[in-house]
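Colleague: Could you walk me through this one while I have it open? I will jump between topics a bit.

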There are 4 protein chains.
Amino acid sequence: IKRVAVLTSGGDAPGMNAAIRAVVRTATSQGIEVIGVRRGFSGLHRGDFITLGARDVANTLQRGGTILLSARSHTWRTPEGRARGARHLRAHDVDALIVIGGDGSFHGAHYLQEEHGIPVIGLPGTIDNDLYGTDHTIGYFTAVETALDAVDKLRDTGASHERIFVIEVMGRHAGHIALDVAVAGGAEEVFIPEDAKEVAGVLDIVKASVKKGKMGSIIIVAEGYPGGANGVAQAIQDGTGMETRVSILGHIQRGGSPVSSDRILASRLGEAAVYALMDGRSDVMIGRQNHETSYTPLADTWEKRKDVSRDLYRCAKTLSI
Amino acid sequence: IKRVAVLTSGGDAPGMNAAIRAVVRTATSQGIEVIGVRRGFSGLHRGDFITLGARDVANTLQRGGTILLSARSHTWRTPEGRARGARHLRAHDVDALIVIGGDGSFHGAHYLQEEHGIPVIGLPGTIDNDLYGTDHTIGYFTAVETALDAVDKLRDTGASHERIFVIEVMGRHAGHIALDVAVAGGAEEVFIPEDAKEVAGVLDIVKASVKKGKMGSIIIVAEGYPGGANGVAQAIQDGTGMETRVSILGHIQRGGSPVSSDRILASRLGEAAVYALMDGRSDVMIGRQNHETSYTPLADTWEKRKDVSRDLYRCAKTLSI
Amino acid sequence: IKRVAVLTSGGDAPGMNAAIRAVVRTATSQGIEVIGVRRGFSGLHRGDFITLGARDVANTLQRGGTILLSARSHTWRTPEGRARGARHLRAHDVDALIVIGGDGSFHGAHYLQEEHGIPVIGLPGTIDNDLYGTDHTIGYFTAVETALDAVDKLRDTGASHERIFVIEVMGRHAGHIALDVAVAGGAEEVFIPEDAKEVAGVLDIVKASVKKGKMGSIIIVAEGYPGGANGVAQAIQDGTGMETRVSILGHIQRGGSPVSSDRILASRLGEAAVYALMDGRSDVMIGRQNHETSYTPLADTWEKRKDVSRDLYRCAKTLSI
Amino acid sequence: IKRVAVLTSGGDAPGMNAAIRAVVRTATSQGIEVIGVRRGFSGLHRGDFITLGARDVANTLQRGGTILLSARSHTWRTPEGRARGARHLRAHDVDALIVIGGDGSFHGAHYLQEEHGIPVIGLPGTIDNDLYGTDHTIGYFTAVETALDAVDKLRDTGASHERIFVIEVMGRHAGHIALDVAVAGGAEEVFIPEDAKEVAGVLDIVKASVKKGKMGSIIIVAEGYPGGANGVAQAIQDGTGMETRVSILGHIQRGGSPVSSDRILASRLGEAAVYALMDGRSDVMIGRQNHETSYTPLADTWEKRKDVSRDLYRCAKTLSI
């Protein structure tokens with residue numbers, strides 16, 4: 001391994017820069033050069049490359065977003081598109097590719113390896129935490145913190161007006177953010193895609209909550225729960241006659257300076273990616289499981305599922321009394 | 001003056017607790033007792049009163065929301081409703097009433113004074129900053145800071161994806177928050193109710209911004225601009241073909257621990273309210289103008305308008321190149 | 001089990017309130033009453049008790065500090081002192097005691113159980129993370145985040161003046177905070193009690209760092225490293241002639257609203273404590289290890305040591321080039 | 001005016017980048033070129049110049065520190081030093097110089113104008129707010145907010161242990177930060193250089209505070225108060241026998257992303273600086289007074305003093321009961 005390329009793909013996540021920095025500095029310390037591919041697979045397809053030295057990633061650790069930019073690519077989904085990307089990599093003497101993103105991005109990486117024999121490593125970069133093969137994904141901790149900060153603020157105003165706030169957090173297919181935010185934010189209820197419970201079933205909880213003298217209620221809804229926050233709010237309003245307010249937190253959950261846990265996770269994974277390539281590994285996602293580095297075949301990341309913690313789901317219920 | 005009542009009314013604003021605390025402690029230091037009215041005029045109408053001593057407001061300075069709660073009251077709009085509130089105040093030997101809220105709340109206070117001769121003082125408590133008679137309102141600085149923090153986060157993700165973000169901030173009738181956030185957040189454009197410019201007129205700016213190599217654009221829209229953020233985003237998308245994302249910040253702007261400027265303003269105003277009553281003033285809102293305490297007839301607060309700073313509006317334009 | 005008591009002891013840590021709340025609500029949901037002991041063992045000795053219902057812990061989840069207060073107790077160290085505490089517990093029909101604190105506090109709990117047969121459970125509440133038997137302690141994540149926020153700020157000013165900042169973080173006996181902050185803050189060097197390396201050995205790194213064109217350097221020192229930040233700064237200044245600034249972060253690391261990870265950990269542990277007592281467990285600390293609840297004999301918490309992550313220590317070095 | 005130079009000098013302050021950006025963009029919009037001088041007067045002396053276009057200051061508005069770096073210069077104090085700086089400016093066809101800093105920096109600018117006829121404009125950039133001729137200085141609001149955040153955190157831990165915290169904030173010659181933080185932080189006492197009151201005189205207040213059942217006390221001390229926080233703490237401990245803790249906040253007050261008020265002030269002043277030069281003004285500091293742009297002869301900034309608000313000082317006392 002003389003030269004590796006790195007790119008970020010899919011929705012950006014806080015900590016992606018920390019991962020890029022770790023890749024660059026670890027590689028540099030091992031005498032390996034690093035090429036940054038800008039704008040994800042779309043840039044790979046067009047040969048949008050820059051060289052990255054140790055100083056180029058200075059002062060990026062604490063920045064949100066990704067200095068390599070990200071984009072969705074449609075051309076990448078065709079064999080021709082990938083062939084073109086592979087040619088660009090070869091033309092620049094790149095020996096391997098590190099992809100920071102979600103399972104969609106790992107798909108692209110996997111086929112590049114399969115079709116063109118270029119070693120690829122995936123690093124889990126997505127705020128949703130819905131990747132099999134790692135306890136946490138880069139960006140997840142920051143997204144939870146941002147959402148929690150918003151919930152704390154909404155509780156202030158909700159309590160002052162004794163209102164019910166229905167708050168939608170990100171998570172198109174998974175309730176990880178919603179569940180963490182619900183427990184940490186002291187929510188009265190949480191709705192996640194992993195559990196099909198109906199709003200009608202919890203109306204009594206909302207009513208009881210008010211009777212108990214609670215000053216305002218907080219209901220957390222994952223984006224992926226059918227109907228979203230608007231659906232839940234409507235059902236509550238219809239079923240209880242109580243005034244509800246909806247807040248959809250949206251894209252702020254993607255931004256911001258990464259919290260320490262994301263910076264540390266990203267630093268560890270970026271470092272491990274370079275060592276993995278040096279050890280001859282390929283077609284795997286590097287994660288952390290039970291405080292150890294783990295290697296998961298890329299295909300597993302889209303074929304297998306990581307469930308939310310059922311313990312924590314119960315805990316959320318117990319503590320909301 | 002032996003005993004004063006204080007209430008918070010209308011939308012809650014960060015710093016209301018600091019104002020209540022200042023009223024209570026200043027009054028106490030002058031040998032005046034304080035009654036807290038819970039749930040605004042609605043509570044006044046029902047006699048929902050508590051006594052407030054110096055220790056009861058300990059540890060509230062830094063809290064968002066209002067410990068006295070707030071609510072909308074419809075009964076208050078009738079002479080009968082106000083007569084009932086006046087009876088409750090008299091029954092509790094209350095000599096005067098301090099109302100923390102916006103111009104709608106001052107209306108209620110004004111009629112109470114007019115119809116029942118109870119001295120009233122208004123304190124400007126609203127995040128919108130749209131009150132004539134004071135440079136700033138309690139809660140405004142915190143709301144701007146919260147919105148700015150969101151804008152900084154959205155810029156991270158917007159820049160990474162080179163997207164146009166259209167962000168709606170609070171301000172139903174006024175562009176104060178929007179303008180401050182636009183300048184402080186380095187927005188490419190800002191739309192406020194005070195200026196009827198059309199979206200069509202700024203499409204070239206958006207297009208040019210992208211050509212200049214800007215990584216993503218931020219457009220700020222005040223809630224009260226016709227069509228809101230959704231309208232602006234649609235017009236931009238239609239007119240430029242560029243991908244836009246909308247973020248409506250909503251109620252998070254009301255909550256959170258007040259920033260220093262709001263705590264200090266609220267502390268000063270709460271103190272001044274008690275002294276004003278001791279000096280025999282009534283039917284006025286207390287504000288700060290050019291670093292001095294000012295007294296504005298309550299009626300002026302809804303009859304006159306405070307414009308946004310035209311200087312700053314121009315400055316926003318100059319700096320967005 | 002009909003009634004349990006809970007106290008917080010030793011240095012306060014963010015998340016202690018979340019743990020108290022979880023104990024109270026879980027117990028309440030199981031028909032168990034909860035007594036709060038104020039001011040730690042000192043209050044236990046004096047019978048400073050209050051009852052805690054589900055509503056009494058409302059709105060405490062997000063608060064720093066401890067609503068039960070904490071204090072150091074000397075009387076507790078004698079058998080007579082403990083006997084007196086035991087009498088108070090019996091007089092109030094308390095069946096078991098939950099102690100939230102560090103290993104010093106667990107000592108007291110252990111002897112209470114041994115001498116008076118009162119079941120005790122320990123919950124790890126200390127920002128230092130230096131407790132055997134749990135991956136993380138309550139308060140640790142928040143302390144790291146607070147320290148990191150300070151490091152980010154110092155980097156701004158350090159870079160502007162191209163200065164060397166030597167920053168001391170908490171950790172009298174352990175380098176956990178220092179190490180996490182060093183990696184997350186992109187420090188050039190870190191000094192922890194677990195590694196006796198001398199400052200003289202790293203002077204070349206500091207000099208090289210400047211030569212590489214780095215704008216300012218950040219050096220993290222754990223409180224427990226011999227000489228502390230002042231010693232390290234002096235050695236650097238003597239050895240390199242470069243201007244250094246010292247910043248001792250101190251007690252701010254103990255305060256603040258707990259971050260999500262601390263709230264969730266505290267919620268889980270508080271819940272588990274009640275269930276553990278119901279299951280007949282005693283004389284154990286409840287922790288989380290590899291995402292599962294774990295039970296460690298209290299004596300192990302002061303007899304065994306938890307090392308810092310050696311991997312991460314190496315990673316800090318690699319990434320600081 | 002065809003070309004202006006800009007530099008930052010003295011201690012860095014949050015918002016300096018916003019001021020640089022405003023200078024660059026306003027100048028650019030007026031067809032004027034901008035040269036950035038790196039490392040303050042020291043760089044001016046050495047000709048350490050870079051060109052700054054509108055894109056070079058993109059994404060700097062929200063950054064702490066100064067992208068132009070700052071430094072102390074001794075050579076600058078001699079006529080020879082200044083002559084050399086003037087030669088560099090002339091060699092680069094610079095028509096005027098904008099200096100962002102404190103009164104020490106304005107001294108240098110003033111002599112450059114006097115001795116070499118180069119028009120100079122000063123912008124108030126210092127966290128201390130101790131400059132005559134402007135209501136607030138760039139960086140002040142952020143420093144207050146950072147200190148207040150620390151005070152809120154220390155209150156959590158102080159209250160939990162019922163301790164007295166003596167907190168030292170910046171302000172070598174002025175109590176502006178201390179006073180704002182005291183009011184906003186709800187401090188029991190505040191010591192500033194502007195008032196020579198002795199610690200002995202307030203011991204009763206501290207003792208009474210504890211008797212009133214206050215959970216912990218917060219005492220704020222400005223750096224410039226004789227003896228500093230350590231002196232005050234010692235006097236309190238000696239005089240009351242109560243346990244005190246000292247926290248010296250230090251350099252964290254200089255760093256961090258600027259709050260909105262600093263970004264807006266800096267944006268306005270940077271814009272005004274360019275217009276002032278175009279209008280033929282020189283040897284003045286531009287400030288904001290009562291919401292209007294003001295021009296103060298540079299010499300006034302070191303010859304006249306801005307007092308703290310005596311009103312607010314009284315208010316701090318009233319509200320601490």
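Colleague: Which residue takes a positive phi just after α5(C)?

Modeller: Bearing in mind that this is a predicted model, the residue is Glu162(C), which follows directly after α5(C) and has a phi of about 50 degrees.

Colleague: And how many residues does helix α5 of chain C have, and how far does it reach?

Modeller: Helix α5 of chain C covers residues 140-161, which makes 22 residues, and from its first C-alpha to its last it reaches 31 Å, close to the 32 Å expected at 1.5 Å a residue.

Colleague: Why is α5(C) described as largely enclosed?

Modeller: Because 21 of its 22 residues are buried, α5(C) is largely enclosed by the rest of the structure.

Colleague: Switching to chain A, how is it divided?

Modeller: Domain 1 of chain A takes in 3-139 together with 258-303, while domain 2 of chain A runs over 141-255; their C-alpha centres lie 34 Å apart.

Colleague: What area do domain 1 and domain 2 of chain A bury between them?

Modeller: The two domains of chain A bury about 1,200 Å² between them, with 59% of that on carbon and sulfur atoms. On the domain 1 side, Ile127(A), Asp128(A) and Val259(A) supply 40% of the area buried against domain 2, more than any other three residues. In terms of contacts, 14 residues of domain 1 of chain A meet 14 residues of domain 2 of chain A.

Colleague: How many salt bridges and polar contacts are found across that interface of chain A?

Modeller: Between domain 1 and domain 2 of chain A the rule finds zero salt bridges, whereas seven residue pairs are in polar contact, both residues being at pLDDT 80 or more.

Key. Residues are numbered from 1 along each chain as its sequence is written. Chains are lettered from A and ligands numbered from 1 in the order in which they are written. This is a predicted model: local features need pLDDT of at least 70, side-chain atom pairs count only at pLDDT 80 or more; totals for chains, interfaces and linings use all residues. Side-chain values use heavy atoms; hydrogens and water are left out. Helices (H or I, at least four residues) and strands (E, at least two) are DSSP runs, numbered from the N terminus. The expected span of a helix is 1.5 Å times one less than its number of residues. Buried means under 20% relative accessible area, exposed over 50%, partly exposed in between (1.4 Å probe, protein chains only). Domain bounds come from an automatic or database domain assignment. Contact means heavy atoms within 4.5 Å. Buried area is the accessible area (1.4 Å probe) that two parts lose on being put together, summed over both. A salt bridge is a side-chain nitrogen of Lys or Arg within 4 Å of a carboxyl oxygen of Asp or Glu. A polar contact is a pair of N or O atoms within 3.5 Å; within protein, one must be able to donate a hydrogen and the other to accept it, and residues adjacent in sequence count only if both atoms are side-chain atoms.
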